[in-house]
Amino acid sequence: LVAVLQFLRRSNLRESEEILRREARLLGDDLGAVALSPAGPLGVPGGDVDSTGGEALLSRVTATAPVPIGGSAGAVASSSPGVTAVAALPPVKGSVAVEDQPDVSAVLSAYNQQGDPTLYEEYYSGLKHFIECSLDCHRAELSQLFYPLFVHMYLELVYNQHESEAKSFFERFHGDQECYYQDDLRVLSSLTKKEHMKGNETMLDFRTSKFVLRISRDSYQLLKRHLQEKQNNQIWNIVQEHLYIDIFDGMPRSKQQIDAMVGSLAGEAKREANKAKVFFGLLKEPEFDVPLDDEDEEGENEEGKPKKKKPKKDSVGSKSKKQDPNAPPQNRIPLPELKDSDKLDKVMNMKEAARRVRLGPECLPSICFYTFLNAYQGLTAVDITDDSSMIVGGFADSTVRVWSVTPKKLRSVKTAADLSLIDKESDDVLERIMDEKTASELKILYGHSGPVYGTSFSPDRNYLLSCSEDGTVRLWSLQTFTCLVGYKGHNYPVWDTQFSPYGYYFVSGGHDRVARLWATDHYQPLRIFAGHLADVTCTRFHPNSNYIATGSADRTIRLWDVLNGNCVRIFTGHKGPIHSLAFSPNGRFLATGATDGRVLLWDIGHGLMVGELKGHTDTIYALRFSRDGEILASGSMDNTVRLWDAVKAFEDLETDDFTTATGHINLPENSQDLLLGTYMTKSTPVVHLHFTRRNLLLAAGAYSSQ
């Protein structure tokens, strides 16, 4: 409204401005501080203001009416009769949005008595009846309202100490809610007194993060008309106060399309949230000369031989000379310089890649399963080095155990006294510094004081990260097998940690709902990614290291920009906490797995869900793309590894402008034709998957004798 008035004033349309003011009963000349007097029974229709982005304007509006002001970012409008609504909180640049840091009492005060408690059931069932009798095309969209309204009406009754009414309201309607809200409802049912609401996190989440619903304009108008005819202020107030309705023009979405996207703690993502540009391309590989193959040239070193080799070798390096148009600038974030040992490793990698098996529906990988037997300590995390030479297990008895899976045993560096005797110029100095007496297949690392939930090897295999219930992340040296640093930043259990593909940086996520970005040589985190409404359960770096994906118990996945800490994507659609993430090798797609047994596929550039793989019957703890991205492997608590055809899943994607604008995604009905194989273990849940450089699939888990 304010925006329109300002526009009319700027355009010198005085008469129209006057008429509009009289209609809206807006008095006073200065538009900077417009006073709103009671505007009929319904106040300002919040959804409309919201959808035109009037948040900044609304935050300048001072309200002196018992009318709730719809949906401004800094407005906490309490709406009981005779209470003045305070809505002017100037937005502070560079600070955290007001919504993010709720003050409990302010949050709860919005639940001041608004209606007759005995009529709540009638209001709700009236709306339910209206929605169930509306046309099919609107019914699917409007039934998204049931859950958030149910929760807010229940909380309102509890807050105003109508305990018996609240109880009967809960009992009557909680069975109607979607099955994936069961866990939330269980928490809700335990809130039966006003006092319970004071320190309750779930409660605060619900109050402070507006529940987002994506509804077509037609359905929204229908709802608005119904509530205005019925004079049903109670429900209308909640819609304005606690819901964010993201209105789009065009066809309403079908039940399938809505079901695919809903289910998270705060509804769907606003469409705006997935509009930012993401550089999902890969960085250009550094160029360096590839030495010739030694093996082939022993014995026959004629002059013609190397010349034949050279062109072939150059072609391996030249593949990456073209800059990916979607890649971030090479120096967008500072990455560590390549050491000589890294270059050698890259050469080895190229040689292995030349012998890599091309996978596809006709050529599935062999799977080698590492079973942890007698793991009575409780296996809680596994990682395998990129070159598949070492495997690490994190255990519930707070130990970290590292095994060598090649004939080469694990050795520590000699003591300082012994090192001083070594000739530093000799060619095999790296061999000489190792102490043969320490050689063994297994090293046990002690230091944590709680179960170890995440482990990650550095790309150069010199370091190992582990994170634990004790709130710390530890960095271990794989040269000395000792702890180098303990990073203390989380105050609660840390559920996952992972090294950047370039080393140096790493990410951790925990029970305190934030993910942190660290550098190995800093005690304090470099970035804190805040925004999830529940534990951050898993973390992953994008292959170009400029982005981090986090999965959470709030049933959403977020993509964060490492450079500035912003959240650039929010993906909703899982019906349970997320436990696994995997980026495709080309950086364009993300696969996610959760307790709902579904693998969802996302197009990062367009911010869209592009596939759903159904088949697992339990939590998916491991996801991995093959080295060339043709196959996606998933491992689950249902004791199976499943292989999916990733090429087919990502071809012919409908990512036209309409789809991206409205989220009308059309998932194929049946994902069975993408399933290439299912491999059962006897009784071993799969907790980790890894493709070797030649595309052999390694899987790991601990045998459970139920």
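**Close-up views of a predicted model**

**View 1. Helix α1 and the residue after it.** Asn 12, which follows α1, has a positive phi, near 60°. The structure shown here and in the other views is a predicted model. Within α1, which spans residues 2-10, the buried residues are Val 2, Leu 5, Gln 6 and Leu 8. Viewed down the axis of α1, these buried residues fall within an arc of 160°, so they line one face of the helix.

**View 2. Packing of helix α8 against helix α13.** Helix α8 comprises residues 146-159 and helix α13 residues 233-242; they pack with their axes 10 Å apart and at an angle of about 105°. Angles of 65 to 115 degrees count as roughly perpendicular, and α8 and α13 are therefore roughly perpendicular to each other. On the α8 side, the contact is formed by Leu 149, His 152, Met 153 and Glu 156. Helix α13 contributes Gln 234, Ile 235, Ile 238, Val 239 and His 242. By residue class, this contact of α8 with α13 consists of five nonpolar, three polar and one charged.

**View 3. The open sheet β13-β14-β15-β16.** Four strands in this order, with antiparallel pairing, make up an open sheet. From one strand to the next, the twist averages 20°.

**View 4. Pairing of strands β15 and β16.** Strand β15 (residues 472-477) runs antiparallel to β16, and six bridges join the two. Opposite Val 473 stands Tyr 487 of β16.

Technical notes
Residues are numbered from 1 along each chain as its sequence is written. This is a predicted model: local features need pLDDT of at least 70, side-chain atom pairs count only at pLDDT 80 or more; totals for chains, interfaces and linings use all residues. Side-chain values use heavy atoms; hydrogens and water are left out. Axes are lines fitted to C-alpha atoms, for helices over the stretch in contact, and angles run from 0 to 180 degrees between N-to-C directions. Angles under 35 degrees count as roughly parallel, over 145 as roughly antiparallel, 65 to 115 as roughly perpendicular and the rest as oblique. Contact means heavy atoms within 4.5 Å. Ala, Val, Leu, Ile, Met, Phe, Trp, Tyr, Cys and Pro count as nonpolar, Asp, Glu, Lys and Arg as charged, and the others, Gly among them, as polar. Buried means under 20% relative accessible area, exposed over 50%, partly exposed in between (1.4 Å probe, protein chains only). The arc is that of the directions from the helix axis to the C-beta atoms. Two strands pair if DSSP finds at least two bridges between them.
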